[in-house]
Amino acid sequence: MTAPVPAHRPAAAAARPLTAERVRIERGRRSGQTVIVSVDSTRLGPALGGCRVKTYPSWRDGLDDVLRLSAAMTEKAALAGLDHGGGKTVVALDGSTSADWTGARRADLLADVAEVVEGFGGDYITGPDIGTSPEDMALLWSGTRHVLCRPESAGGSGDSSIPTALGVTSAIEAVCAHLWAGRDLSTLRFSLIGLGHVGAVVGDWLAARGAELTVSDIDPRHRALAERWRATWVTPREALLREVDVVVPCAVGGILTPDSVARLRCRAVVGAANNQLDHASTADLLHERGVLWAPDTIVSAGGIIASVARELHGATRVEAERRVRGIGDRLAGVLADANTRGTTPLRAARDLVDRRLRNSSGERPDGPAVGWAQAAAAPDRP
């Protein structure tokens, strides 16, 4: 099924109304799994967005997810200053997990994904996401060239976690300069949630600067990092509500809700976790409480900035890192604009996105609209 899909996310969502340009839903002829690709926008250029492989209650839940994620990628690419739109792939697994798909079965699954991606004729470029890796991108490469972040040994830019972490640290510097100009990071307290590939690098950076650290992760094995940093180890909930200067979420999204915001004891929230707000209106609650929230669509863009720079523009690693550090300047500009206008950073960021899209010369494809209600009423299997 291929068509422009105007759609509206349920009320508990943070994104603006969803109006994807094109959505394809295919049952993979090799794997039998549902592959969904949403191209939210190509007004600024080919859409960018990773390939997510995970279990969903039904393929309709995967459709909801891919529409939401592709819309967020449009914002992320626009705010990063890239001449690209947003897209996403979701493989909605039937009663299995990504780890169950190994060897020949995984090759079949990825061949199905490559076939759908290739069908967009270059209007969509994919990369790693939850449930996929740079090695998977190398397998996709055999079926489509519209792939980023293959291993460096295979000619790609490799793992995106390092440039993503670099973008986070640049954003932290921008936030601290905005709130405490001239103050050294060693005098500030940080609560870091999530010590995976990105969080661990951010933690090393903060510890090297002498910051006071409270850290948390659902995996107790990461407690060794806390010991290395001489940080206080707490539960994720305690880390979010800790009395600190800055909370740095680098794990799952959806942590900022009316309930949690009412209990926050920090001055700022800035981190790599995607979709941190449960709803756009939560940004207003943060603003009312005097908590500066740095939009995650700006903060977490280091990976796509670096991969586009290196793989599509031929930039060196050093040049790509310079472009990623530009996240700090972009965020500083958004914060200054929000402060001048007395509005939230989310509103200032989205206004910037709207201006970029409005001033672009791109045209949306013609074709009959298929509404969200029609898509939701489709059969259980696409």
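These legends accompany several close-up views of one predicted model.

The model is predicted, with local features requiring pLDDT of at least 70, side-chain atom pairs counting only at pLDDT 80 or more, and totals for chains, interfaces and linings using all residues. Residues are numbered from 1 along each chain as its sequence is written, and side-chain values use heavy atoms, with hydrogens and water left out.

**Figure 1. The whole chain, to get your bearings.** The secondary structure comes to 14 helices and 13 strands; these are DSSP runs numbered from the N terminus, with helices (H or I) of at least four residues and strands (E) of at least two. Of the 382 residues, 55% count as buried, where buried means under 20% relative accessible area, exposed over 50%, and partly exposed in between (1.4 Å probe, protein chains only). The accessible surface is about 16000 Å², and 51% of that belongs to carbon and sulfur atoms; the areas come from the Shrake-Rupley method with a 1.4 Å probe, and for residues only the protein chains shown count as cover. Among contacts with a separation of 6 or more, 65% are between residues 24 or more positions apart, a contact being heavy atoms within 4.5 Å.

Figure 2. Rolling a probe the size of a water molecule over the atoms shows where empty space is left. Here a pocket is an open set of points on a 1 Å grid over the protein atoms alone, where a 1.4 Å probe fits and protein lies on both sides within 12 Å along at least five of seven lines; a lining residue has an atom within 4 Å of a point. The second largest pocket holds about 280 Å³ of space, the volume being the space filled by probe spheres set on the points, which are joined across faces, edges and corners. Look for H287, L292, N339, T343 and P345, which lie nearest the centre among the 17 lining residues. Two or more lining residues come from each of α4 (161–179), α9 (282–288), β13 (292–293) and α12 (317–341). By class, the lining has nine nonpolar, seven polar and one charged residues; Ala, Val, Leu, Ile, Met, Phe, Trp, Tyr, Cys and Pro count as nonpolar, Asp, Glu, Lys and Arg as charged, and the others, Gly among them, as polar.

**Figure 3. An aromatic pair, F120 and Y124.** The count of aromatic pairs comes to one, taking rings of Phe, Tyr and Trp (its six-membered ring) with centres within 6.5 Å; planes under 30 degrees apart count as stacked, over 60 as edge-to-face and the rest as tilted. The ring centres of F120 and Y124 are 6.2 Å apart and their planes stand at 70 degrees, so the pair is edge-to-face. Both F120 and Y124 are buried.

**Figure 4. C149 and A154 in the loop between α3 and α4.** Most residues other than glycine have a negative phi. C149 has a positive phi of about 70 degrees although it is not a glycine. C149 is buried, at 6% relative accessible area, whereas A154 is partly exposed at 34%. From A154, you can look across to M137, 17 residues away in sequence and 9.7 Å away in space, C-alpha to C-alpha.

Figure 5. G253 sits in the loop between β11 (246–249) and α8 (258–263), and N275 in the loop between β12 (268–269) and α9.

**Figure 6. C176 within helix α4.** C176 is buried, at 3% relative accessibility. Beyond residues up to four places away in sequence, C176 touches A181, L185, L188, F190 and V246. D245 is 69 residues from C176 in sequence and 9.3 Å from it in space, C-alpha to C-alpha.

**Figure 7. K76, a buried lysine in helix α1 (residues 59–79).** The relative accessible area of K76 is 9%. Its contacts, not counting residues up to four places away in sequence, are with N274, T297, S300, A301 and I304. The C-alpha atoms of K76 and V353 are separated by 8.8 Å, although the two residues are 277 apart along the chain.
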